[in-house]
Amino acid sequence: MGQIQTATYKRNNNDPTSVIHEIRFAGAGPGNRLIVVQSSYQPLDAYESGWELVTYTAADGHFLAVFTKIARGGENSFTVWLMEASRVCHMWMVERDDMPEFIDAWSGRTSGRRTFTLEGAGYIVGGFHYGGEGTVYASWPAGMYVAHRATNTSSSSYTFSSDFAHKNLSAGTYTIDAAGMAALSGYAYTFAVFGKDATPPTSPRRLTILEQTADTVRLGWDASSDDTGVTYYSVYVNGQEVGQTTYTDYLFTGLPSGQPVTLGVAAWDAEGNRSQIATITVTLDGTPPTVPARVRLVAMTTTSLTVTWEPSTDTGTGLAGYGVYLNGIKVAEQTGRTYTFTDLVTDRQYVIEVDAVDKAGNRSSRAVLRATPKVDVTPPETPRIWVTRLDRGVIGIRWDEPADDSAVASYSVYLGNAKVADQTGQEYTFTGLNPGGVYLVGVEAIDLAGNRSQRGVRSIRAEPDTTPPTVPGNFRLVAVTQTSATVTWDASTDDNAGVASYRLYLGGNAIADITSQVYTITGLAPGIGYRLAVDAVDQVGNRSAKAQLSITTKPDTSGAAPPYEYVFVDWATHAPIDSLPLKGVTFELTLREGGEVQASIPLYDRAYTIGRVAAATRKERTILAIYRGDRFVWGGRVVDPEEYDSETGLMRITAENPVGIYGRRFVAFTGPRLGTYAHTEVQWLLEHTATATDRRWLRFAGVAGTQPMDLQYRADEFPRILEEVNKVAESEGGFEWWVKPVWDSENDRPMFELRRVSRDNPPDTGLVLEYPGNVKRYRVSTQRGLETVTHGKLQISDGGVLLAKVVKQNLLDAGWPLLEEVYQFERLTSREALDIETQRAATAAAGPKNLYEFTLLPGTGVKWWDLELGGLARVVISDHRHPEKEDGSPGLDRMMKIVSIRVTPDSEQGEQVVITTGEFTVDVE
């Protein structure tokens, strides 16, 4: 702003004389500079405390001074005291908010030169006095402007003239020559120069993490210094200012965890000079510690329980301690790993839980133990012994912890009838035995009350065992249904270590390891033939050959569909409107586009009037929610409820991806968005372009974008939110996404999750698609060019990354799904070479890229609603196209990416599920 106010002071000629003279002005603002230039007939005796006298001249009855101070706020006067009473005292005051720095001041008489330099803008003030019978005014150097002139007569009839001047100066070097200020000699003068602060504060030093959680950091630093004083600090996240503070610490909130975040601090002075930004990079710990292991009783009375547990580990900030709970209520937060519960009720069961917490506040899941304080007179069950090692003269054993009313506290180990050890561990190795000798080993368990179990024993030969068990005999089917089969077999035998377990196989896949000789396989398809196998393994790992069996499940002729329900919900309120009996329903979930539902409403049913149907199918205003039993599995906005056929009595409706809600919003102008990550940018887009009602339907989750990117939104483009989401997801550090139906348990209503899936490291869904097996049929598209987007990636020597991209827009426009591949290139030296290689990869990938469309058999037990689109499924095929290999392995056994799921709830064979996968292209040489 510059100059705030000025004030002047002089007494009238008829006023009484006084030694006290006071200039008054309006209350000053805090931090502003106050300057008073004073001229008097009598010498200065004193002046008001808190002010600084920067120059003063007293020569032959000429008394001139300059006083100044930085206002604390509210000052409204300045007082001087003269040596003798006089009415002659002239003063001029100016208040400035832009001149905090004192540069120079000097006084003199008649002549004198002074040179000074301003690094930035400045301000000069001056005072002039000539005493005599006439009035003489100064001719001011440097073009200074006169602010106040005063002339009056002293009590001795002496004329006293004063002149006060000032001027704003720009940066540069100035020489002030006082000679020639008046035609007559004998005048006195004074000057003072002030400047803007052009020097920024020092950068904050020693940035220190004072405390942190999974999403917050309190950062502290040493105070900056400045020649005029630091006024505040700005704080930054990844280069963007997020707040200000006058303190030397700041709490950053809402930070992402598991990825580097750069925090910064800069100091500002009153003139707007900012220091360099001091930075520190921190990766927040969003990973909880491991769950405390082996929570167990170590002591018990009729009214107390003492538990202990194994230590948890933490890979981030480090373990802070453990929480201990009794019947769901926390009773302790401690660093130790033992706790005693007292004042308990005898024979009442208690639920004991323990979790671990790290220094960032992340808590693990709770380990659970149920225990009852009691008078324990029952011994533990007999330990079951397993062989772990056999060698010449060596026998290694382990044993399971046997059940007990309280808890097992220790074990006694025997060789023959001689006790060789008392211990708490569950393993023991006998050494120094006779090679080939047969030994009886035994273990007894002792509980907390001292009750001792019967001894478990094994007869074992101290000799290496390389012989597998016999093949399980008489492998046979004992029961079969449409979706399950129960099989059994005769026990295998082993020459030494003993049989440990049996492994059951379906096709070529192991499905179970069991110790019994009977097993029920579930999730099979009706009327399908399956190949089963079983083998045995002994306790030191020798595995037998497989027994084989072919079975066929019973056919399903009922055609019964799973229980589906179709509920229409109000978009604005989430309130259910109606449940209508839809026919011919088919819906699809796809990457990026979200999918749609096609269905018909039977208007021939008199229970459903046209008014009722119209209320439930308001275009763009109702959501169709599809439930399978009590599971919300799909939903979308009704967009086309108008097609009706009088012959069938059916009205056809279509519902679309619910994210389309956001398609009616526009992104407001914000300028550049610099250094944001893909996931935070999409979150920002959703939050700033949607109403609160919209956001109630959608949440955002999944993997994080890993690389920052710079974006800009322009008001004249008015981009749709989904177009912007697509751009962000496709950019470096982006991801694939799909709309996943979820249940909002907090508000007890359906909603949708904009689900992010890693493009470079897709998750393994665990799904196996096997033909023959759980797949009824499959089709392979031989359309060339199904890889619609090809990315090239080149790591360069300075640690940076170059990216290239080829988009087959004609295929995308023709309706082919978005299928992307990323190729990592090496030994290239330029972007041009990367572009050429990426185009070559896109061309080479045109042929072998295939889509596999798998139609699942009804009743296969595949929970398609839990599958992650963009995730990997294992595809196993043996047929004419992919014949079985000579070693009996499948002709095709490959991981593929799930790109869509299409469901028909009420087909002729019940629920029909079609899963489409994209085949990975081999690396381009």
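1. Aspartate 578 is buried, at a relative accessible area of 14% (buried means under 20% relative accessible area, exposed over 50%, partly exposed in between, with a 1.4 Å probe and protein chains only). The model is predicted: local features need pLDDT of at least 70 and side-chain atom pairs count only at pLDDT 80 or more, whereas totals for chains, interfaces and linings use all residues. Residues are numbered from 1 along each chain as its sequence is written, and side-chain values use heavy atoms, with hydrogens and water left out.

2. The side chain of aspartate 578 forms a salt bridge with that of arginine 612, at 2.3 Å from N to O (a salt bridge is a side-chain nitrogen of Lys or Arg within 4 Å of a carboxyl oxygen of Asp or Glu). Aspartate 578 belongs to strand β45 (residues 576–579) and arginine 612 to helix α1 (residues 610–616), so the pair ties together parts that are 34 residues apart in sequence. Helices (H or I, at least four residues) and strands (E, at least two) are DSSP runs, numbered from the N terminus. Arginine 612 is partly exposed, with 31% relative accessibility.

3. A salt bridge also joins glutamate 853 and arginine 779, whose side chains meet at 3.0 Å, N to O. Glutamate 853 lies in strand β62 (residues 851–856) and arginine 779 in strand β58 (residues 775–781), so this pair ties together parts that are 74 residues apart in sequence. Glutamate 853 is buried at 18% relative accessible area, while arginine 779 is partly exposed at 46%. Salt bridges with shared partners join Arg699, Lys740, Glu753, Arg755 and Glu868 into one network.

4. In the salt bridge between aspartate 744 and arginine 749, the closest N and O atoms are 3.5 Å apart. Aspartate 744 is buried at 9% relative accessibility, and arginine 749 is buried at 14%. The count of salt bridges by this rule is 35.

5. Strands β30, β31 and β34 form, in that order, an open sheet of 3 strands with antiparallel pairing (two strands pair if DSSP finds at least two bridges between them). The edge strands, β30 (385–391) and β34 (427–430), each pair on one side only. From one strand to the next the twist averages 20°, with axes taken as lines fitted to C-alpha atoms and angles running from 0 to 180 degrees between N-to-C directions.

6. β30 pairs with β31 (residues 394–399) over 6 bridges. Leucine 390 is opposite isoleucine 395 of β31, and valine 387 is opposite isoleucine 397. The two strands form a hairpin with 2 residues between them, and glycine 393 in the turn has a positive phi of about 75°. β31 is joined to β34 by 4 bridges; glycine 396 has threonine 429 in β34 as its bridge partner. Of the 6 residues of β31, 5 are buried.

7. The lining of the largest pocket comprises 41 residues, with Leu506, Gly507, Asn509, Val768 and Glu770 nearest its centre. A pocket is, on a 1 Å grid over the protein atoms alone, an open set of points where a 1.4 Å probe fits, with protein on both sides within 12 Å along at least five of seven lines; lining residues have an atom within 4 Å of a point. Strands that each supply at least two lining residues include β39 (499–506), β40 (509–514) and β57 (764–771).
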